[in-house]
Amino acid sequence: QVQLVESGGGSVQAGGSLRLSCAASRSTLSYCMGWVRQAPGKEREGVAGISPGGSSTYYTYYADSVKGRFTISRDNAKNTLYLQMNSLKPEDTAMYYCAADPQPCSPSRITNFAYWGQGTQVTVSS
């Protein structure tokens, strides 16, 4: 079992930025990791995913709705995943969850990942 704890959420105005962090209880070097969000009354949406560590390059996935605005990254030495969110829009308002999945895994299948955090709320006002 991998425990994931998100932080960095908050309330910002449209056009602002937030940086979410996800701390893992153990090494996630061999795991795909990603971020999923869920707004009230809506289905969960895979936001961004990243391939396992161990090489100098990573495969990343972004939902079309956030491409060009959000950046996913990982620091394997710190067992931490990040999501830099820029140019935030009101429609980005949601609970954001960190997720991890052992291999074999795909960064694009974030909603199917095995392990989930409790989430951190992001609210973007107009």
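**Salt bridges and strand pairing in a predicted model**

K89 counts as partly exposed because its relative accessibility is 34%; partly exposed lies between buried, under 20% relative accessible area, and exposed, over 50% (1.4 Å probe, protein chains only). The structure is a predicted model, in which local features need pLDDT of at least 70, side-chain atom pairs count only at pLDDT 80 or more, and totals for chains, interfaces and linings use all residues. Residues are numbered from 1 along each chain as its sequence is written, and side-chain values use heavy atoms, with hydrogens and water left out.

K89 sits in the loop between β8 and β9. Strands here are DSSP runs (E, at least two residues), numbered from the N terminus, as are helices (H or I, at least four). Leaving aside residues up to four places away in sequence, K89 touches R69 and V124; contact means heavy atoms within 4.5 Å. The C-alpha atom of K89 is separated by 7.7 Å from that of S126, and these two residues are 37 residues apart along the chain.

The whole structure contains four salt bridges. A salt bridge is a side-chain nitrogen of Lys or Arg within 4 Å of a carboxyl oxygen of Asp or Glu. R37 pairs with E45 in one of them, at 2.8 Å from N to O. R37 counts as buried because its relative accessibility is 7%. E45, at 28%, counts as partly exposed.

R37 also forms a salt bridge with D92, at 2.9 Å from N to O. R37 belongs to strand β4 (residues 31-38) and D92 to the loop between β8 (80-85) and β9 (94-102), so this pair ties together parts that are 55 residues apart in sequence. D92 has a relative accessibility of 1% and therefore counts as buried.

D92 has a salt bridge with R69 as well, with the closest N and O atoms 2.8 Å apart. This pair links distant parts of the chain, 23 residues apart: R69 is in the loop between β6 (60-62) and β7 (70-75), D92 in the loop between β8 and β9. Both R69 and D92 are buried. Through shared partners, salt bridges join R37, E45, R69 and D92 into one network.

Strand pairing was examined next. Strands of a sheet pair through backbone hydrogen bonds, either parallel or antiparallel. Two strands are taken to pair if DSSP finds at least two bridges between them. An open sheet is formed by four strands in the order β1-β3-β8-β7, with antiparallel pairing. Its edge strands, β1 and β7, each pair on one side only. From one strand to the next, the twist averages 15 degrees. Axes are lines fitted to C-alpha atoms, for helices over the stretch in contact, and angles between N-to-C directions run from 0 to 180 degrees.

Side chains alternate along β1 (residues 4-7). β1 runs antiparallel to β3 (residues 18-24), and four bridges join the two strands. V5 has A23 of β3 as its bridge partner. β3 is in turn joined to β8 by six bridges, again antiparallel. There, R19 stands opposite Q84 in β8.
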